[in-house]
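Let's go through this one by asking where each label comes from. Each answer sets a value beside its definition.

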Amino acid sequence: MKRFILVALIGVFILFLNIYNIPMKSTDPFENVDLTPSLNTNNVSIDINSISKVINQTSSKTVDFNQYDTVVVTFWATWCTSCRRENAIVNDIIKNNEYTSTYFIGICVDSDDTAMDRYLAINPLQFDSFNINKDIANLFGNVSVVPTHYIIDMLAKTVTKHIGLLDHKQFLN
């Protein structure tokens, strides 16, 4: 009976918040992020030069994105089963040289900065992966689901945003 009363009270509280449109505090780290205009997809604007600059500042190596036809930026997490499966798919694609003109980048969104390093020690990736930082978050806006992909066509200057797992066949298309 006590459990029923507690559940009912919580339900009434949530209903009260919705009726009076009282916002609940968001825990989304990407909320209210400004977007830099340049490449557009739906409601997403991405400046590829800014991405290149931030990645090159974060990385130990310099990457010229303009030498690639496509850049795939994937937001992932070490605890995400779909992300782990997809990382293995991308590793296979790279090992088999299926996309020689595509540059893959992983952005790990784990709140623990050491989680990615521990994961990579056991599961090495064939592509560059970085912990998310404020500069990267500011470029991509609202990324609240992993995996989320931004597939940037460097030739057409377009961006396709895909939320969820991409399997091998989808990468080939």
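Q: What does the pLDDT look like over residues 20-41?
A: Over residues 20-41 the pLDDT is below 50, yet the stretch has 47 contacts in the model beyond near neighbours in sequence. Contact here means heavy atoms within 4.5 Å. Where pLDDT is low, the predicted coordinates should not be read in detail. As for the protein chain, the average is 76, and 73% of the residues score at least 70.

Q: How many helices and strands does the protein chain have, and what makes a run count as one?
A: There are six helices and seven strands. Helices (H or I, at least four residues) and strands (E, at least two) are DSSP runs, numbered from the N terminus. Along the sequence they give α-β-β-α-β-α-β-α-β-α-β-β-α.

Q: Why are S5 and S7 said to stand at the edges of the sheet?
A: The open sheet has five strands in the order S5-S4-S3-S6-S7, with mixed pairing. Strand S5 (128-131) and strand S7 (158-163) each have a single partner strand, so one side of each lacks a neighbour in the sheet. Pairing itself takes at least two bridges found by DSSP between two strands.

Q: In which sense do S3 and S4 pair, and over how many bridges?
A: Strand S3 (residues 70-76) and strand S4 (residues 102-108) pair in the parallel sense over seven bridges. Among the bridge partners in S4, Tyr-103 goes with Val-71, and Gly-106 goes with Thr-74.

Q: Why is S3 called largely enclosed?
A: Buried means under 20% relative accessible area, exposed over 50%, partly exposed in between (1.4 Å probe, protein chains only). Seven of the seven residues of S3 are buried, so the rest of the structure largely encloses the strand. Both faces are covered: Thr-70, Val-72, Thr-74 and Trp-76 are buried on one side, and Val-71, Val-73 and Phe-75 on the other. In a regular strand the side chains alternate between the two faces of the sheet.

Q: How do you know that the buried residues of H4 line one face?
A: In H4, Ala-115, Met-116 and Tyr-119 are buried. Seen down the axis of H4, the buried residues fall within an arc of 95° (taken from the directions from the helix axis to the C-beta atoms), so they line one face. Their cover includes S3, helix H3 (81-95), S4 and S5.

Q: Asn-49: buried or exposed?
A: Asn-49, found in helix H2 (residues 48-58), has a relative accessible area of 52% and is therefore exposed.

Definitions and conventions: Residues numbered from 1 in each chain as written. Predicted model: local features only at pLDDT ≥ 70, side-chain atom pairs only at ≥ 80, totals over all residues. Heavy atoms only, no water. pLDDT = per-residue confidence, 0-100.
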